[in-house]
Amino acid sequence: MSRLRALVHGRVQGVGFRAATRAHLALLGLDGTATNLPDGTVEVVASGPADALDRLAAWLEDGTTPGRVTWVDVTRRHDG
């Protein structure tokens, strides 16, 4: 099992980004959350198989999410 934490920067609050991210987490079979932070970023925390986390990270950066992502800071940890 692996874990990913992503801080998503850009215009990502008030545009449906969190709801779309939660739907994408479910689609990939991941457990996780998407939370607005006071600085305007969204924190995405997810756990599951590494390949699904790779797909999540790619989706966060590919420009098809709601809003406008300018950059994503991703950290990962493998538990096991």
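Is His9 buried or exposed? His9 counts as buried, at 17% relative accessibility. Buried means under 20% relative accessible area, exposed means over 50%, and partly exposed is in between, with a 1.4 Å probe and protein chains only.

Before I go on, a word on the model. It is a predicted one, where local features need pLDDT of at least 70 and side-chain atom pairs count only at pLDDT 80 or more, while totals for chains, interfaces and linings use all residues. Residues are numbered from 1 along each chain as its sequence is written, and side-chain values use heavy atoms, with hydrogens and water left out.

Back to His9. This residue is found in strand E1. Helices (H or I, at least four residues) and strands (E, at least two) are DSSP runs, numbered from the N terminus. Leaving aside residues up to four places away in sequence, His9 touches Thr41, Arg68, Val69, Thr70 and Trp71. Contact here means heavy atoms within 4.5 Å.

Next, the helix pair. Helix H1 covers residues 17-28 and helix H2 covers residues 50-61. Their axes come within 10 Å and cross at roughly 155 degrees. The axes are lines fitted to C-alpha atoms, for helices over the stretch in contact, and angles run from 0 to 180 degrees between N-to-C directions. H1 and H2 are therefore roughly antiparallel to each other. For the cut-offs: under 35 degrees counts as roughly parallel, over 145 as roughly antiparallel, 65 to 115 as roughly perpendicular, and the rest as oblique. The crossing of H1 and H2 is right-handed.

Which residues of H1 and H2 meet? On the H1 side we have Phe17, Ala20, Thr21, His24, Leu25 and Leu28. On the H2 side we have Ala52, Arg55, Leu56, Trp59 and Leu60. The residues of this contact divide into eight nonpolar, two polar and one charged. Nonpolar covers Ala, Val, Leu, Ile, Met, Phe, Trp, Tyr, Cys and Pro; charged covers Asp, Glu, Lys and Arg; the others, Gly among them, are polar.

Take His24, in helix H1. His24 counts as buried, at 15% relative accessibility. Not counting residues up to four places away in sequence, His24 touches Leu56 and Trp59. Now Leu27, which also lies in helix H1. Leu27 counts as exposed, at 67% relative accessibility. Leu27 and Pro38 are eleven residues apart in sequence, and 28 Å apart in space, C-alpha to C-alpha.

On to the charged pairs. How many salt bridges are there? The count comes to three. The rule is a side-chain nitrogen of Lys or Arg within 4 Å of a carboxyl oxygen of Asp or Glu.

Start with Arg5 and Glu43. Their side chains meet in a salt bridge at 2.6 Å, N to O. Arg5 lies in strand E1 (residues 2-11) and Glu43 in strand E3 (residues 42-48), so the pair ties together parts that are 38 residues apart in sequence. Arg5 is partly exposed, with a relative accessible area of 35%. Glu43 is buried, at 18%.

Then Asp51 and Arg55. This salt bridge is 3.5 Å, N to O. The two are four residues apart in helix H2, separated by about one helical turn. Asp51 is partly exposed at 45% relative accessible area, and Arg55 is partly exposed at 44%. Arg55 is also among the H2 residues that meet H1.

Then Asp54 and Arg76. Their side chains form a salt bridge at 2.5 Å, N to O. Asp54 lies in helix H2 and Arg76 in strand E4 (residues 68-78), so the pair ties together parts that are 22 residues apart in sequence. Asp54 is partly exposed, at 42%. Arg76 counts as partly exposed too, at 47%.

Finally, the loop between E1 and H1. Gly14 is found there. Gly14 is exposed, with a relative accessible area of 81%. The C-alpha atoms of Gly14 and Asp54 are 26 Å apart, with the two residues 40 apart along the chain. Val15 lies in the loop between E1 and H1 as well. Val15 counts as partly exposed, at 22% relative accessibility. What does Val15 touch, not counting residues up to four places away in sequence? Pro66 and Gly67.

Note on methods:
Left-handed = near helix turned anticlockwise from the far one by under 90°.
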